[in-house]
Every structure is written in C-alpha cells, then in structure tokens.
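Please open the model in your viewer and keep the selection panel at hand.

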Amino acid sequence: MPELSKRSQVAIGIALVLLIAMTRGSHFPQVNLPSASWSVFFLAGVLLRPRWVFPALFLQTTVMDIMSVGWVNAGHHCMTVAYWALIPAYGSLWLGGRLYARIHREQLSSLPVLAACMAGSALVCQFFSSGGFYWFSGRHEDPTFLGMLERIATFYPQYLSTMAFYVGIAAVLYLGVRAASQLQAQRDRRA
C-alpha cells in the first residue's frame with residue numbers, strides 16, 4: 001500500500017466522500033460530471049487502510065440514491081431488488097484497489113499494473129451491476145446470457161473510461177505530491 005500518514009488518509013477519505021457527493025445523482029445540478037462512484041471505491045481500496053471505509057461509502061451511495069428518487073418514489077426504475085447487486089459490484093472495485101495496493105511499487109512501472117487491476121475489477125463490477133440489474137430488476141423480459149453480455153459490452157467501455165479518467169487524475173496528483181515531498185526532503189538535507 002502506498003505509504004500515507006493517518007492525516008493524509010483522512011484528507012483523502014474526505015475528498016472521496018465529497019467526490020461521490022458532487023458526482024452521484026442530481027444533488028448539485030450546477031456540477032455536471034460523470035459519476036465517480038466506481039473510481040472512489042477503487043481508490044478507497046488502494047489508499048485507505050480501514051476496512052470500515054467500504055460499508056461507509058456504500059451507505060453514502062445508498063442514502064444519496066434514496067434521496068435522489070425520494071422515499072415516495074421508491075418504485076424508481078433503478079430501485080429494485082437488483083440494487084443489492086451493487087454490494088458485490090462495488091466490493092469488487094474495492095478489492096481490486098486492495099490488490100493493487102499490495103503490489104504497488106513506487107515506480108512508474110506500476111502504472112500498467114494499476115491499469116490492469118482497475119480494468120479487471122471494473123469488468124467484475126460490470127458483471128455484477130449490469131448483470132444483476134439485467135437478471136433481477138424485472139425490467140427485462142426473458143433475460144438471456146447473450147443479452148447480458150450485450151449489455152456489458154455496451155456499458156463497460158463507458159464506465160471504464162470514466163473510471164480511468166478519475167483514477168488517472170488521482171495517479172497524477174499522487175505522483176505530484178510524492179515528487180514535491182522528495183524535493184522538500186532533498187532541500188532539507190542540503191540545509
């Protein structure tokens with residue numbers, strides 16, 4: 001796992017919670033960014049040590065989803081029994097982040113490993129989220145395995161590119177902060 005102080009982890013945790021709040025649903029109509037939820041769960045797995053972070057983030061997303069459709073409109077298109085497939089879906093992202101954290105090295109050669117862990121965990125997430133909705137929502141008549149694969153082929157590239165966008169920004173920020181810390185350490189040694 002990247003070496004992060006407790007203070008840094010708290011700051012990152014707050015940033016991730018705010019990122020979900022700003023990009024999920026229609027709570028901030030002036031902010032029109034794609035949902036960062038997948039990225040947040042993956043990055044939480046990479047950067048935050050406490051295991052309770054996963055259920056806390058899932059609770060946040062669930063509450064936000066309920067707030068966006070309202071208690072009265074619980075029959076909203078996405079609010080079905082299939083919603084609970086998001087637990088293993090987001091869990092696969094978080095576990096993918098945990099896997100990457102274990103094999104992370106402070107080298108640029110870690111970037112292809114990061115990309116592979118991200119893409120693999122996103123694919124598993126897509127199987128659970130899109131597949132779960134396809135099979136269990138009651139919104140699709142006579143679901144078939146081929147029909148599920150078509151949905152995954154349709155939605156996976158879009159979700160992966162959005163996730164790559166946010167994870168890429170996080171990687172650049174991480175490298176920038178790390179480089180600045182190394183420069184400061186060099187200056188301190190010279191002084």
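A salt bridge here is a side-chain nitrogen of Lys or Arg within 4 Å of a carboxyl oxygen of Asp or Glu. This is a predicted model, in which local features need pLDDT of at least 70 and side-chain atom pairs count only at pLDDT 80 or more, while totals for chains, interfaces and linings use all residues. Residues are numbered from 1 along each chain as its sequence is written, and side-chain values use heavy atoms, with hydrogens and water left out.

**First selection: E106 and R178.** These two residues form a salt bridge whose closest N and O atoms are 2.5 Å apart. The pair links distant parts of the chain, since E106 sits in the loop between α4 (86-103) and α5 (110-136) and R178 in helix α6 (residues 145-190), 72 residues apart; helices (H or I, at least four residues) and strands (E, at least two) are DSSP runs, numbered from the N terminus. Colour by relative accessible area, computed with a 1.4 Å probe on protein chains only, where buried means under 20%, exposed over 50%, and partly exposed in between. E106 is then partly exposed at 35%, and R178 is partly exposed at 24%.

The search of the whole structure finds 2 salt bridges, and here the side chains of D65 and R24 meet in one, at 2.7 Å from N to O. D65 lies in helix α3 (residues 53-69) and R24 in the loop between α1 (6-23) and α2 (37-47), so the pair ties together parts that are 41 residues apart in sequence. D65 is buried, with a relative accessible area of 12%, and R24 is buried as well, at 8%.

**Third selection: the whole chain.** In cartoon view, the protein shows 6 helices and 0 strands. Of its 191 residues, 40% count as buried.

Which residues is Y90 in contact with, leaving aside its neighbours within four places in sequence? Taking contact as heavy atoms within 4.5 Å, select R24, S37, W38, F41, F54, F58, T61 and C125 around Y90.
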